[in-house]
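Please keep the sequence and the model in view while reading.

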Amino acid sequence: MADGIPTPAQVMDWFRSYHGAPVDSKWLSVARRASEHCTTDGAAPVSIAHVVAVWWTLLDHASQQSPRGSIATCDPESMGDFLGLEERQVMAIIHALHEKALVSDGMIVQWAKRQPEREDSSAVRTRRYRARQTTEAPAAQEDATTPAFTYPEAFEAAWRAYPTRSGNSKREAYRAWRARVNAGADPAALLAGTERYAAFIRATHREGSEYVKMAKTFYGPGEHYAEAWETPRPAGRTGASAPHSIYLPAVGS
């Protein structure tokens, strides 16, 4: 280290994930859509594990590109070789990610919003953390621990609608909710997202199980409330035919 600046060998590049990401419910619908495309293309169906592996490989690729977040140069064939999948299966998964609006125009959607700037040392992260703590400390006094505190009506409605999950903390859920509202989120959008998620959980018979997200995670920085949470289609119905190739346009095209 020279003058407090880490040398290249001391810098570890990274990208951010979130708690519960490997078991996120949206991978169920991505795997279903991708398997339908595989059937159309004459390939074997894919599993949820395949979807998660491809997604994390795309994140790793995107984190190393310029601009960060780009998957325009990803190679489905090489990915398939490494992950033990056919190229057609990888392409079907990427196509399904497009359909779920997780990938668009050769980019990971909302990369800049969900990924921090590269930080070269723990000192940088520590300074930012302390700054956030100082800024957020006054607001923390206006919390559910205050004797006279009353939850906002929109949050109460969302809490009533939220699927049952053992260990769910109303206080922690509200802290996450308040953080999103303070950042500009519309409480009506959070409530609508909660209702969509509750309908999805009921349709997939996961009420009360560990597959239900903790509310603090649902309202957290991952913004799961903004997702579509489409209920599964009845058995026997198939989706539209998928194209036999996937075009990932270069950034700026």
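A residue is called buried when its relative accessible area is under 20%, exposed when that area is over 50%, and partly exposed in between, with a 1.4 Å probe and protein chains only. By this rule, 37% of the 253 residues of the chain count as buried. The model is a predicted one, in which local features need pLDDT of at least 70 and side-chain atom pairs count only at pLDDT 80 or more, while totals for chains, interfaces and linings use all residues. Residues are numbered from 1 along each chain as its sequence is written, and side-chain values use heavy atoms, with hydrogens and water left out.

## The chain as a whole

Helices (H or I, at least four residues) and strands (E, at least two) are taken as DSSP runs and numbered from the N terminus. The chain has ten helices and two strands, and read from the N terminus its elements follow the order α-α-α-α-β-β-α-α-α-α-α-α. The accessible surface, computed by the Shrake-Rupley method with a 1.4 Å probe, comes to about 14,400 Å², and carbon and sulfur atoms account for 53% of that surface. A contact means heavy atoms within 4.5 Å; among contacts between residues at least 6 apart in sequence, 73% join residues at least 24 apart.

Two packed helices are described by the angle between their axes and the distance between the axes. Here the axes are lines fitted to C-alpha atoms, for helices over the stretch in contact, and the angles run from 0 to 180 degrees between N-to-C directions. The table sets out two such pairs.

| Helix pair | Axes come within | Crossing angle |
|---|---|---|
| α1 and α2 | 9 Å | roughly 100 degrees |
| α2 and α4 | 10 Å | roughly 80 degrees |

Angles under 35 degrees count as roughly parallel, those over 145 as roughly antiparallel, those of 65 to 115 as roughly perpendicular, and the rest as oblique. On this scale α1 and α2 are roughly perpendicular to each other, and α2 and α4 are likewise roughly perpendicular.

Where α1 meets α2, Trp27, Leu28, Val30 and Ala31 of α1 are in contact with Ile48, Val51, Val52, Trp55 and Trp56 of α2. The residues of this contact divide into nine nonpolar, no polar and no charged, where Ala, Val, Leu, Ile, Met, Phe, Trp, Tyr, Cys and Pro count as nonpolar, Asp, Glu, Lys and Arg as charged, and the others, Gly among them, as polar. Where α2 meets α4, His50, Val51, Val54, Trp55 and Leu58 of α2 are in contact with Ile93, Ile94 and Leu97 of α4. The residues of that contact comprise seven nonpolar, one polar and no charged.

The expected span of a helix is 1.5 Å times one less than its number of residues. Helix α2, with 16 residues, reaches 23 Å from its first C-alpha to its last, close to the 22 Å expected. Its buried residues include Val51, Val54, Trp55 and Leu58, and the buried residues of α2 pack against α1, α3, α4, β1, β2 and α5.

Helix α4 has 13 residues and reaches 18 Å between its first and last C-alpha, close to the 18 Å expected. Among its buried residues are Gln89, Met91, Ile93, His95 and Leu97, and the buried residues of α4 pack against α1, α2, α3 and β1.

Just after α4, Ala101 takes a positive phi of about 60 degrees, although Ala101 is not a glycine. Ala101 lies in the loop between α4 and β1 and is partly exposed, with a relative accessible area of 48%. Asp105, in the loop between β1 and β2, also has a positive phi, near 55 degrees, and is exposed, with a relative accessible area of 56%. In the loop between α2 and α3 stands Pro67, and the peptide bond from Ser66 to Pro67 is cis, with omega near 5 degrees.

Which residues does Ser25 contact, leaving aside its neighbours within four places in sequence? They are Phe200, Tyr211, Lys213 and Trp229. Ser25 is found in the segment before α1 and is buried, with a relative accessible area of 4%.

Arg233 is found in the segment after α10 and is partly exposed, with a relative accessible area of 29%. The C-alpha atoms of Arg233 and Ser29 are separated by 9.8 Å, although these residues are 204 residues apart along the chain.
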